[in-house]
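Please open the model in your viewer and keep the selection panel handy. We will walk through it one stop at a time.

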Amino acid sequence: MLSGTLLGAEMLNAEGRVYMGKFLWTAQLNIGIDVIDQQHRRIVEYINQLEDARSGEYSRAEVAIIINELVDYTISHFAFEESMQEEANYPFAKSHKKVHDLFAERVAVFQAQFDQGEDIIKALNSMLVTWLFNHIKRDDVDYVESVKANLQRQNEFVEKKKGLFARLFG
Ligand SMILES: [Fe+2]
Ligand SMILES: [Fe+2]
């Protein structure tokens with residue numbers, strides 16, 4: 001039954017972003033920095049894999065691997081974002097990192113519960129969908145301007161140097 005597979009009715013309201021338990025990627029989740037958008041999509045794929053794991057066709061060991069990979073990838077994504085922000089002198093880099101760190105702590109609690117044999121996949125999945133969606137829409141979009149301006153400066157720098165170091169770019 002449809003309602004039984006939804007992660008939360010409220011998630012269908014404004015954005016229609018969850019259907020049959022799957023986190024649907026929509027264009028409004030793109031923040032406009034390709035490399036970041038690709039990473040966010042990959043995280044969504046992991047989240048959906050975790051949802052598949054609820055079907056029961058996966059062993060606990062396999063589910064553990066999915067969770068570990070999801071967490072690993074997400075933490076790497078955070079580190080990538082943080083270094084991008086630092087390089088761009090994004091003024092809220094510190095508080096953004098704090099949000100990432102808090103998330104990592106929350107997930108670690110779920111992982112510990114899972115390791116103790118608790119059935120947390122549904123709750124974890126639901127938290128991940130809500131958290132990622134809100135984080136992208138509220139926090140990640142905020143650094144776009146700074147990071148893009150920095151990328152622009154870098155491009156201009158390279159263009160300027162091309163004249164001086166023509167041999168390198170020939
Ligand atoms: Fe992100
Ligand atoms: Fe972030």
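One term before we set off: an axis here is a line fitted to C-alpha atoms, for helices over the stretch in contact, and angles between N-to-C directions run from 0 to 180 degrees. Bear in mind, too, that this is a predicted model.

Start with the whole protein in cartoon view. Colour by burial next: of the 170 residues, 16% are buried.

Now select α4 (60-87) and α6 (121-164). How close do the axes of α4 and α6 come, and at what angle do they cross? They come within 11 Å and cross at roughly 20°. Angles under 35 degrees count as roughly parallel, and α4 and α6 are therefore roughly parallel to each other. Their crossing is left-handed.

Show side chains where these two helices meet: Val 63, Met 84, Gln 85 and Glu 87 from α4, with Ile 121, Tyr 143, Val 147 and Asn 150 from α6. By class, this contact has five nonpolar, two polar and one charged residues.

Next, select the largest nonpolar core, which has twelve residues, among them Val 18, Phe 23, Tyr 46, Ile 67 and Leu 124. Two or more of its residues come from each of α3 (34-53), α4 and α6, with α3 giving the most, five residues.

Finish on Ala 53, a member of that core. Beyond its neighbours within four places in sequence, Ala 53 is in contact with Tyr 58, Val 63, Ile 66 and Ile 121. Val 63 and Ile 121 also take part in the meeting of α4 and α6.

Key: Residues are numbered from 1 along each chain as its sequence is written. Chains are lettered from A and ligands numbered from 1 in the order in which they are written. This is a predicted model: local features need pLDDT of at least 70, side-chain atom pairs count only at pLDDT 80 or more; totals for chains, interfaces and linings use all residues. A nonpolar core is a set of buried Ala, Val, Leu, Ile, Met, Phe, Trp, Tyr and Cys residues joined through C-beta atoms within 7 Å. A residue is buried if 20 or more other C-beta atoms lie within 10 Å of its own, exposed if 12 or fewer, and partly exposed in between; C-beta atoms are placed from the backbone. Helices (H or I, at least four residues) and strands (E, at least two) are DSSP runs, numbered from the N terminus. Two residues are in contact if their C-beta atoms, placed from the backbone, lie within 7 Å. Angles under 35 degrees count as roughly parallel, over 145 as roughly antiparallel, 65 to 115 as roughly perpendicular and the rest as oblique. A crossing is left-handed if the near helix is turned anticlockwise from the far one by less than a right angle, and right-handed if clockwise. Ala, Val, Leu, Ile, Met, Phe, Trp, Tyr, Cys and Pro count as nonpolar, Asp, Glu, Lys and Arg as charged, and the others, Gly among them, as polar.
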